[in-house]
Number of protein chains: 2
Amino acid sequence: MTPARDDFGAALERLKADRVSGAAQLGRQALIMLLNAAQREEAPDAGALRLTLLDRAQAVASARPSMAPLANLSRQWRQAVEAAVSDDPERLRQVAVDAADRLIQTVDTATQRACVRAAAAIGPGRTVMTHSLSSAVERTLGLLHGSGVRVVVTESRPLDEGVVLATRLAGMGVPVTLVTDAQMALAVPDANVVLLGADSLLPDGGVVNKAGSRLLALAAAEAGVPVLVVAESWKRRPAGLGEPVLEEMDSAEFGYPIPDGVAARNVYFETVPARLIARLITEEDG
Amino acid sequence: MTPARDDFGAALERLKADRVSGAAQLGRQALIMLLNAAQREEAPDAGALRLTLLDRAQAVASARPSMAPLANLSRQWRQAVEAAVSDDPERLRQVAVDAADRLIQTVDTATQRACVRAAAAIGPGRTVMTHSLSSAVERTLGLLHGSGVRVVVTESRPLDEGVVLATRLAGMGVPVTLVTDAQMALAVPDANVVLLGADSLLPDGGVVNKAGSRLLALAAAEAGVPVLVVAESWKRRPAGLGEPVLEEMDSAEFGYPIPDGVAARNVYFETVPARLIARLITEEDG
């Protein structure tokens, strides 16, 4: 076991265990892991290095099956590594590092552009309701800060990452109201718009996002409140892969002992169908 | 301050503070309070006793504004006290005790009859999903125990009374699955029927029930799963009273410190509109 291998393995475990970061943050993290692998993995020759790096890309791609971005970004990086035709391991290493660096820049630019578009679509002085913690939603709300935006945030059980978002928004001085997930239908009529992020974009126009997103979209539809989704285009799940896997986590996350004889389910993600989404905003729009 | 007055005041505070019992349990509790008042309140003559008892009825009626049963049952009891035409305080006392006792029996009979009807409507071998903790739902599921019934229960934040229900059902040997409120839309397609209780029945066929009930009904509608409501007819809210009050409780119930600058809302009840309810089952049916 080389130190590089240890580092990668530990980072991969963190990637798998991270319950708070959204797909965009994890995608960026995965690219940094691949960049580090390109810089550090030891290998006797270019062929061995290539195999190791492709193996790393595969490990990242399959780490979080509900999150298309990990598969998409690592596939793009893998293609760059595969396309490199050098017998010089240091040259291959540089190609792989450059590819990761370029993808990170692309990702950052895409996120910023999508959020600017989303903020423009919402406009000033609105009450925005959201669920869970999406880095794109947080950034969009940050862009709207100072425009008179008000925010309603759900807890997002079991780990309450909505409380994290509420804390950050309040720290910025944004007026923010926190509600339990169960109060979604009570709270959404007070909002002008629902803004969701996405962990994956589906070929049919639906999205995969944190469990509870579909409930909020259903309540919004009933209340006549439009649902916007802000996400980067590289979250698209390719067609032909069938139904997305919806990851299930340990029920220890409930935070109390599950009673004897009770089976607890802790499915993290669900689909929001296209018919409940008024507009999907990516960096590619308009 | 007489001891009787102290007892009543303490019981009234418990009635107001009780966050776990449903309207049926609280209605029964209110009748017991009125029965005790009829037995114990001191008064110099029948007129003074009558005024004291009517005052007690009024205090009970307004203790929980989201719960029509308290107003309904105390009104029926008040009418019996008002109708008593005796100058003998002991005779008046007996009328009031008998009225409370009769209402308690009526209530118990009604609950049992409604639950038997609900169990028959559901039939054996079904998967039933519910939200919160309704004594009528619990009793109905108890009647179905042994018929192959399976139950899916939501936590029901903020106080997790769904966990109480799950624990009781598991103790009876009923297969039960516990999910977070956010997983309602994920879980409801596995159910054959959604069964809800009600804190009040509205004149338009809708009901008032714990926050989250409307979300579950919306998710059930989308999944094509019928929603049954089991409740006693004395939960009907009279027409002409306007919109029901939806009680809001302290956000300390969230169980963690609300972040600085964040406004937390803890509204307990919401309406489920008639269009989302396939059938309302009371003791009066069929």
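Figure 1. You'll find B:Ser132 in the loop between β1 (127–130) and α6 (135–144) of chain B. Helices here are DSSP runs of H or I with at least four residues, strands are E runs of at least two, and both are numbered from the N terminus. B:Ser132 isn't a glycine, yet its phi is positive, near 70°.

**Figure 2. The loop between β2 and α7 in chain A.** Here's another serine with a positive phi: A:Ser156, at about 70°, and again not a glycine. A:Ser156 is buried, because its relative accessibility is 0%. The loop also holds A:Pro158, and it runs between β2 (150–154) and α7 (161–172). Look at the link from A:Arg157 to A:Pro158: that peptide bond is cis, with omega about 5°.

**Figure 3. The loop between β2 and α7 in chain B.** B:Pro158 sits in this loop, and a cis peptide bond with omega near 5° joins B:Arg157 to B:Pro158. B:Asp160 is in the loop too, between β2 (150–154) and α7 (161–171). With 16% relative accessibility, B:Asp160 counts as buried. Which residues does B:Asp160 touch, leaving aside neighbours within four places in sequence? They are B:Glu155 and, over in chain A, A:Tyr256; contact means heavy atoms within 4.5 Å. B:Arg126 is 34 residues away from B:Asp160 along the chain, and their C-alpha atoms are 24 Å apart.

**Figure 4. Aromatic pairs in chain A.** Across all chains, the structure holds 4 aromatic pairs. One of them is A:Phe254 with A:Tyr256: the ring centres are 6.1 Å apart and the planes meet at 75°, so this pair is edge-to-face. Rings of Phe, Tyr and Trp (its six-membered ring) pair if their centres lie within 6.5 Å; planes under 30 degrees apart are stacked, over 60 edge-to-face, and the rest tilted. A:Phe254 and A:Tyr256 are both buried. A:Tyr268 and A:Phe269 form another edge-to-face pair, with 6.0 Å from centre to centre and 65° between the planes. A:Tyr268 is buried at 2% relative accessibility, and A:Phe269 is buried at 3%.

**Figure 5. Helix α9 of chain B, mostly covered.** How many of the 11 residues in α9 (residues 213–223) are buried? The count is 8, and among them are B:Leu215, B:Leu216 and B:Leu218.

**Figure 6. Stepping back to chain A.** Chain A has 9 helices and 10 strands, and 58% of its 286 residues are buried. Its C-alpha atoms fill a box of roughly 60 × 55 × 40 Å along the principal axes. Of the contacts between residues at least 6 apart in sequence, 75% join residues at least 24 apart.

**Reading the figures.** Residues are numbered from 1 along each chain as its sequence is written, while chains are lettered from A and ligands numbered from 1 in the order in which they are written. For this predicted model, local features need pLDDT of at least 70, side-chain atom pairs need 80 or more, and totals for chains, interfaces and linings use all residues; side-chain values use heavy atoms, leaving out hydrogens and water.

Conventions: Buried means under 20% relative accessible area, exposed over 50%, partly exposed in between (1.4 Å probe, protein chains only).
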